[in-house]
Amino acid sequence: SRSINLAVIPGDGIGQEVVSQGLKVLSAVLPQDVKLETREYDLGARRWHRTGETLPEVELEQLKGHDAILLGAIGDPSVPSGVLERGLLLKLRFAFDHYVNLRPSKLFPHTASPLAGRPDIDFVVVREGTEGPYTGNGGSLRTGTPAEVATEVSVNTAYGVERVVRDAYERAKARPRKKLTLVHKNNVLVHAGHMWKKIFDKVGEEYPEVTTDYLHVDAATIFFVTQPERFDVIVTDNLFGDILTDLAAAVTGGIGLAASGNINPTGAFPSMFEPVHGSAPDIAGQGKADPTATVLSVALLLRHLGHDSEAIRIEEAVAADLAERAGAPARTTEEIGDALAVRVAS
Ligand code: IPM
Ligand code: MN
């Protein structure tokens, strides 16, 4: 479409800094005739301290009206762990039914990756985004006594598993190698694991052109390091996907480059794009954060909205910028954003 009505949630820590650069590159890449409208939402630690709110109903409703959401980072040491994560970030993912958490990993040449120089590392993790141990099911018994018990129940529905598995098959089918790997732990988590495998095999019957594979999550972590070329598309549950995508980022150039999309493929609610990294309070406000992960998340956002050529321009600009970085003095957040904005505009 010829206009983008974007919600922006800078959030906490380095979130503000990286989001400004993401927006700068977005404005620079869009052609004149695409009208960009943004509205910033004051959500995160400061808001919570001021009003005690994480995500009020009114704002949740307003967010529904946007084409997409760009989010920086959520979480601050001054707020008890879990309050903002559950009350804001996960609340958005659940409320907007972001069942596909898309996290691509591509090894750019010239990055400080332990795998630098290895060609063909280019895979995407399709992490389930609305179920698993993230649903908050469980509880505590006899808290504070020596007999305390805590349970954290992983919820897996056939409906939820099938829709994300199907999405992963579609993505695999559209890629040159057409390979899909299911990652789980069905030798121990037999209830959920066997259901995932059963659905994975059943849906696979509709995709004869896609080659499939299964790995236990512990074995998958080995291959992420020793043989990442073997992966094309990976589908996995919410928690395994969380852990695997930090590892994927670390081995393919660092967490400063890892982008993600929380996608509702039906379009019923706006999808939300954010760097995989967190709020990094230790370096916040110092201009040290790498905005590249946010800029690449903007590319995912553009592709989601059908602006493919602009997405490609951003990805090419990032590749060129990373090539130039090798051996050069470190730049500030803003300098990297400026350089990328210049590249996408030309
Ligand atoms: C991520 C983050 C979140 C998650 C946290 C902040 C709730 O680690 O986006 O990967 O666990 O999904
Ligand atoms: Mn994570």
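Analyst: We begin with pLDDT, which is the predictor's confidence in each residue, from 0 to 100. In this predicted model the chain averages a pLDDT of 96, and 99% of the residues score at least 70; the model scores are ipTM 0.99 and pTM 0.96. Local features need pLDDT of at least 70 and side-chain atom pairs count only at pLDDT 80 or more, while totals for chains, interfaces and linings use all residues. Residues are numbered from 1 along each chain as its sequence is written, and chains are lettered from A and ligands numbered from 1 in the order in which they are written.

User: How should I read the domains, and how many residues of domain 1 are in contact with domain 2?

Analyst: Domain bounds come from an automatic or database domain assignment, which here gives domain 1 (1-98 + 261-346) and domain 2 (122-251). The C-alpha centres of domain 1 and domain 2 lie 25 Å apart. Two residues are in contact if their C-beta atoms, placed from the backbone, lie within 7 Å, and nine residues of domain 1 are in contact with eight residues of domain 2. On the domain 1 side, the largest share, four residues, comes from α4, where helices (H or I, at least four residues) and strands (E, at least two) are DSSP runs numbered from the N terminus. That side divides into four nonpolar, two polar and three charged residues, with Ala, Val, Leu, Ile, Met, Phe, Trp, Tyr, Cys and Pro counted as nonpolar, Asp, Glu, Lys and Arg as charged, and the others, Gly among them, as polar.

User: Which residues are around ligand 1?

Analyst: A residue is near a molecule or strand if its C-beta atom, placed from the backbone, lies within 6 Å of it. By that rule Gly75, Glu85, Leu89, Leu90, Asp242 and Val276 are around ligand 1. Helix α4 (residues 83-95) supplies the largest share of this shell, three residues, and by class the shell has three nonpolar, one polar and two charged residues.

User: What does the UniProt annotation "binding site" cover?

Analyst: UniProt positions are given in the numbering used here, feature names are shortened, and annotations may be inferred rather than shown by experiment. According to the unreviewed entry, "binding site" covers Arg93, Arg103, Arg127 and Asp218. These positions span 126 residues in sequence and the farthest two C-alpha atoms are 26.4 Å apart, so they do not all gather at one spot.

User: Is arginine 103 buried or exposed?

Analyst: A residue is buried if 20 or more other C-beta atoms lie within 10 Å of its own, exposed if 12 or fewer, and partly exposed in between, with C-beta atoms placed from the backbone. Arginine 103, in strand β4 (residues 100-106), counts as buried because it has 25 C-beta neighbours inside 10 Å. Leaving aside residues up to four places away in sequence, the contacts of arginine 103 include Arg127 and Val276. Aspartate 218, in helix α7 (residues 217-226), has 11 such neighbours and therefore counts as exposed.

User: Which residue has a positive phi of about 40 degrees although it is not a glycine?

Analyst: That residue is alanine 280, found in the loop between β12 (271-275) and α9 (292-304) and buried, with 21 other C-beta atoms within 10 Å. Lysine 178, also not a glycine, has a positive phi of about 50 degrees; lysine 178 lies in the loop between α5 (158-173) and β8 (179-184) and counts as partly exposed, with 17 C-beta neighbours inside 10 Å.
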